[in-house]
Structure formats: structure tokens, C-alpha cells
Amino acid sequence: MEAATAPEVASGSKLKVKEASPADAEGPQASPGQGAGSPTPQLLPPIEEHPKIWLPRALRQTYIRKVGDTVNLLIPFQGKPKPQATWTHNGCALDTSRVSVRNGERDSILFIREAQRADSERPGPPQSIKLVDVWGFNATLEWTPPQDTGNTALLGYTVQKADTKSGLWFTVLEHYHRTSCIVSNLIIGNSYAFRVFAENQCGLSETAPITTDLAHIQKAATVYKTKGFAQRDFSEAPKFTQPLANCTTVTGYNTQLFCCVRASPRPKIIWLKNKMDIQGNPKYRALTHLGICSLEIRKPGPFDGGIYTCKAVNPLGEASVDCRVDVKVPN
């Protein structure tokens, strides 16, 4: 929902001049030297101020309510002359039989007595996904559309794959409109799982169905005869070979943090912000590949600044590195 304001006064419009009279107690007085032909003093035009909306902190992220809950949103604003606020839902007028709006001198209030499923936005997940066939380096997938489209048209589907060795999900198709696809360029010797998200104008579905069967990319069996030798133990505790670097970013622009770690066996990577675990937070996207750890901060705001920590843990020990991220608002 968004608030719109009344049109601003054009810079080239004429100001109306009012003549002062003796009855105006606070008006300027004519000097004794002014005669009947002297020019009349002019009153100053009223001060104009561009409309501004002060969005409460609680509304700067996804606002979640359950079906049946009361929704009461108060949005403060200011401006001279007084702005006229209007509310819309997905670009359409509100249903006044369920929703009421009150506009005051300095704020606008939206009230919904009982929230309904129709007030939601993101689509539901596809109902099911099936691994149809595997051949060579390819796999064929099929799925069924979601029952709930979020009350708007679907923009398509996002298909992701993950191999069982790393467990990391990678996107292979975006804004895909069909309900079946072929995923190619799979690596021989790996086994893959797949999942599909539905997408509309408000974003991806919160969950995605995952294939029950794995796609096994077979490789020819090879027998190696090795000479007897003493095996060397390469196990070691985590050690960061490249630390995190402090950075300054601008509101609304994605930012990435990088560091490098060495350890055996492979360590578990944990990201923290101000010593708070941020794993699973959709605001952040964490990846680890060949010892390179990265964290993407999506469209940071002023409250996303702070101390970020990358922590690596394995059975032999743990290590961590910190950096400071400052988010500035452009002038």
C-alpha cells in the first residue's frame, strides 16, 4: 500500500496580493511620507513545504498478520498545504466494505477489522515436483502450479539444484513459464536434488517442494592399484587466510563480504551480525565454495550496519573474523 499526496504548486503560478488596511493590527504601517499615490505594502505568500512520509520502523520490513487478525496502520506525514493521502492495494482501490481509512492533519490510518487471505501477496509453492528422467548429464523435471497465486498473475518459476556433496542450492532457471524443464550440464559422479519456487509481483513463494528421488549422474567404475605408503593426516583446525574487510555502502545497493578459510575436515560456516546468528534470514545470502566464504546483504538500509562475523567450526577447533559495515543514506 502506498500514500499519494496532492499536486505541488507550480513554480510559475502567480501569488495573490492583498492590500493592507488600518484594521490589520499586525500589518505594516505606512510612513508619513507616503501619499495617496504611494505603492501599497504586499503580504508575504504562505510558506510551502513538500510532502514527507515518516515510515514507522515496524513497517520497514515485511508486515505479517494472520487471517482474522486486526490490521491498524498509522502513517505520519507532513507538508504545507495539507497533503491528501490515498491508499491502494496492488495498484487498485480498496474494498471500503472491509477497509476504512481516516486522514488527519498529520497522519493517515488504515484499519482492517479482520485480515483475510485475499490481503496477502506472495504466492504459495508449487503443489508437487517429480524427477521424470535422467540421462547423460541431464535431468527432466515436472511440477504442478500452486493452488494460491497470491491474488495476482504468476510471473513464472525459479528452478534450483543442489548436489549432495555441498548441499548448496544454485539457480538454474528464473522467470520460467512452463511446468516442466530439462536441467543440463550436471557433473558426472554427483547426485542432485531439485526444487521449484513460484513467483509473482511480490516475490518468490516462501517454500518450495523438493524432488523425492535424486538424480544420480553415473560414471564408469575405475579400479586403481596403489602402492603401499603411509597416509598423511591433512586434518587441521579452521584458519582464515583472508580476513573480512571493513566497508561502507549506500542504502538500497546490494553489498557483498568476502573471506577465505582453510580447514580439514570441511568446516561449518556461521554468519553473525552484532553477535546474532543470521542464518536463514532472507535478507542475507551466504555461499561457501572452495574455501571462499561470501555474504550478500540485499538492499541494505540504515539498520543493516554493524559488526559482521564469519565463524568457521570443525571437530578440531574454530576461528572467526570480523568487519564493520556502514550504510549511508545518499544526499
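Let's start with aromatic pairs. A search of the whole structure finds 4 of them. Rings of Phe, Tyr and Trp (its six-membered ring) pair if their centres lie within 6.5 Å; planes under 30 degrees apart count as stacked, over 60 as edge-to-face, and the rest as tilted.

One of the pairs is Trp 143 with Tyr 157. That pair is edge-to-face, 5.6 Å centre to centre, with 70 degrees between the planes. It links distant parts of the chain: Trp 143 sits in strand E6 (residues 138–144) and Tyr 157 in strand E7 (residues 156–163), 14 residues apart. Trp 143 also pairs with Tyr 176, and here the geometry is tilted: 6.3 Å and 55 degrees. Tyr 176 lies in strand E8 (residues 169–176), 33 residues from Trp 143. Trp 143, Tyr 157 and Tyr 176 form one aromatic cluster.

A word on the source. This is a predicted model: local features need pLDDT of at least 70, side-chain atom pairs count only at pLDDT 80 or more, and totals for chains, interfaces and linings use all residues. Residues are numbered from 1 along each chain as its sequence is written, and side-chain values use heavy atoms, leaving out hydrogens and water.

Is Trp 143 buried or exposed? Buried, because its relative accessibility is 5%. Buried means under 20% relative accessible area, exposed over 50%, partly exposed in between (1.4 Å probe, protein chains only). Tyr 157 is buried too.

Next, cysteines. How many disulfides does the structure hold? The count is 0. A disulfide here is a pair of cysteine sulfur atoms within 2.5 Å. Cys 323 is buried, at 3% relative accessible area.

Cys 247 comes up again around Thr 255. Leaving aside neighbours within four places in sequence, Thr 255 is in contact (heavy atoms within 4.5 Å) with residues including Cys 247, Thr 249 and Pro 300. Thr 255 belongs to strand E15 (residues 255–264). Strands are DSSP runs of E, at least two residues, numbered from the N terminus. Thr 255 counts as buried because its relative accessibility is 9%.

Last, a sheet. It is open, has 4 strands in the order E1-E2-E4-E3, and the pairing is antiparallel. Two strands pair if DSSP finds at least two bridges between them. The edge strands are E1 (49–53) and E3 (99–103). E3 is joined to E4 (residues 107–112) by 5 bridges. In E4, Ile 112 is the bridge partner of Val 99.
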